Every structure is written in structure tokens, then in C-alpha cells.
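User: I'd like to learn how to read the fold and the nonpolar parts of a protein model. Can you walk me through this one?

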Amino acid sequence: MHKEGIVGDKDTILGFLALGIDIFPAYEPDEIKKTIQSLVEKEYAIIYITERASLLAKETISRYKDFQLPAIIVIPGIEGNLGIGMNEVRESAKRAIGADILFKE
């Protein structure tokens with residue numbers, strides 16, 4: 001069974017415990033980057049990260065963009081949707097298909 005974890009502010013990620021997902025509260029850029037790297041080393045297959053946290057760890061996340069695992073999925077935080085997660089889906093589809101078939105802007 002693959003392991004799943006979530007990184008971000010405690011208020012947003014605490015509820016994921018009920019789903020059996022390991023939570024990793026992190027707030028500072030270095031702390032977020034180290035947490036992601038640790039989860040990769042521990043072979044987590046899916047890493048969810050809040051939009052706000054993803055802004056603080058862009059370089060680290062981009063390092064794993066083209067890897068099959070871990071899948072790093074950006075989700076909205078408690079403050080609401082910033083649109084970063086949907087943009088990531090758009091960019092992934094463009095890389096895989098070669099065209100923007102989802103949003104057609």
C-alpha cells in the first residue's frame with residue numbers, strides 16, 4: 001500500500017488524519033522543503049501540499065514534476081482557492097498532451 005502525506009498549515013491539514021493521511025504541519029520555506037524531501041526519501045507515493053505552502057517551496061516541487069512518484073498535488077488551503085492547483089493540472093495536461101484541452105484559453 002502506498003503512503004500518502006500532506007504538508008501545510010495545521011488548520012488546513014488536520015482533518016486529513018480522519019482519511020488516514022499522514023499530516024506534516026510546516027510553515028517556513030526551509031521547513032516545508034525539508035519535509036517534502038523527507039517524504040520523498042521515505043517513499044511516499046502521494047504528497048498533498050497546500051497552495052500557500054507550495055508557493056514557499058516552488059523549486060523543491062518542480063524537482064519532482066516529471067517523476068511518476070511521488071505525485072505532488074496542490075490543494076486549496078483554509079484561506080480558500082488561489083487557483084494554483086488548477087494551474088498545475090493545466091500545465092501537467094499540456095506537458096502530457098501537448099495542448100491545453102482542459103481550459104482552452
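Analyst: The protein has five helices and four strands, where helices (H or I, at least four residues) and strands (E, at least two) are DSSP runs numbered from the N terminus. This is a predicted model, so local features need pLDDT of at least 70, side-chain atom pairs count only at pLDDT 80 or more, and totals for chains, interfaces and linings use all residues. Residues are numbered from 1 along each chain as its sequence is written, and side-chain values use heavy atoms, leaving out hydrogens and water.

User: What pattern does the protein follow along the sequence?

Analyst: Reading along, you get β-α-β-α-β-α-α-β-α.

User: Which residues touch the most other members of the largest nonpolar core?

Analyst: In soluble globular proteins, nonpolar side chains tend to be buried together. A nonpolar core is a set of buried Ala, Val, Leu, Ile, Met, Phe, Trp, Tyr and Cys residues joined through side-chain atoms within 4.5 Å; buried means under 20% relative accessible area, exposed over 50%, partly exposed in between (1.4 Å probe, protein chains only). Here the largest has 15 residues, and Val-7, Ile-32, Ile-36, Ile-47, Ile-49, Ile-61 and Ile-72 touch the most other members. Helix H2 (29–41), strand E3 (44–50) and strand E4 (71–75) each give two or more residues to this core. Apart from it lies another core of six residues, including Ile-13 and Ile-75.

User: And how much of the protein is buried?

Analyst: Buried residues make up 35% of the 105. As for Leu-55 in helix H3 (residues 51–56), it counts as partly exposed because its relative accessibility is 37%.
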